[in-house]
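Open the structure in your viewer and follow the stops below in order. Each stop says what to select and what is there.

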Amino acid sequence: MTLRSKAKIRALVQDRKSFYNTAELESLSIPPLFGIETDPDFLKAKKVALYWSLPDEVYTHQFIEKWKSTKDIYLPHTENETMTFIRYEGLSELKEGAYHVFEPCGQEKINPEHLDLIIVPGVAFDEQGNRVGRGKGYYDSYLCQTKATKIGLAFPFQMFDEVPSEAHDQIVNKVIF
């Protein structure tokens, strides 16, 4: 299905998500997270940027806890309209930040060039790696600064044949759903 407007795609995906409760979305998160765990790029990565999921995203909380002892995990932190990634040290070091997203409180920011892998959330993706985000541009601004492998993480109902893309939009190398 091809839709020409990012706003229409966001509305359609929001409608699709409304059919599921939180427990069902957590259950639907198992296959894509297993796909990440078995992905060669994830297996060889040492410094991994992830995201602490919102209730309507692929549920990453347990995944982060599982892998924090064997990989250096970094989570997004926003300040003054800029996103950086800070080392995740544990649940006690998280605080609610902008847009109700939980962020690490630590000071250990990573240079984008030092990341091996970035697992990217999105509202919608296509097979070519195009991504529709929430509309603030934080990830697009960050992804253009790194050569790290970028993997989109999604539910199957977030995949489209084609999503609109603009010159500033950054693509991911692959999408696991």
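The residues lining the second largest pocket divide into 5 nonpolar, 2 polar and 3 charged. The model is a predicted one. To display this lining, select E26, S29, I30, L33, F34, E37, Y59, Q62, F63 and K66. The pocket that these residues line has a volume of about 200 Å³. Two elements, α3 and α5 (61-67), each give two or more residues to the lining of this second largest pocket. Which element gives the most? It is α3, with 4 residues.

In general, strands of a sheet pair through backbone hydrogen bonds, and the pairing is either parallel or antiparallel.

Zoom in on β9, residues 149-153, and β11. How do these two strands run? They run parallel, and 3 bridges join them. Select I151 to find K174 of β11 standing opposite.

Now go to T60, in the loop between β1 (47-49) and α5. Is T60 buried or exposed? T60 counts as buried because its relative accessibility is 0%, and the cut-off for buried is under 20%. Leaving aside residues up to four places away in sequence, T60 touches Y51, W52, S53 and L153.

Move on to the largest pocket, which has a volume of about 540 Å³. Its lining is made up of 29 residues. To centre the view, select R131, R134, K136, Y138 and Y139, the lining residues that lie nearest the centre of the largest pocket. Then show α1 (6-17), β2 (72-79), β8 (131-132) and α6 (138-143), the elements that give two or more residues to this lining. Colouring the lining of the largest pocket by class gives 13 nonpolar, 7 polar and 9 charged residues.

From β2, follow the chain into the loop between β2 and β3, where N80 lies. E81 is in the loop between β2 and β3 too. What is the phi of N80? It is positive, about 55°, although N80 is not a glycine. E81, not a glycine either, has a positive phi of about 65°. For context, most residues other than glycine have a negative phi.

For the last stop, select K44 in helix α4, residues 40-44. K44 counts as exposed because its relative accessibility is 61%, and the cut-off for exposed is over 50%.

Notes:
Residues numbered from 1 in each chain as written. Predicted model: local features only at pLDDT ≥ 70, side-chain atom pairs only at ≥ 80, totals over all residues. Heavy atoms only, no water. Pairing = 2+ DSSP bridges. 1 Å grid on protein atoms, 1.4 Å probe; cavity = no way out; pocket = protein on both sides within 12 Å on 5 of 7 lines; lining within 4 Å. Points joined across faces, edges and corners; volume = space filled by probe spheres on them. Nonpolar A, V, L, I, M, F, W, Y, C, P; charged D, E, K, R; others polar. Buried < 20%, exposed > 50% of the residue type's maximum accessible area, 1.4 Å probe, protein only. Contact = heavy atoms within 4.5 Å.
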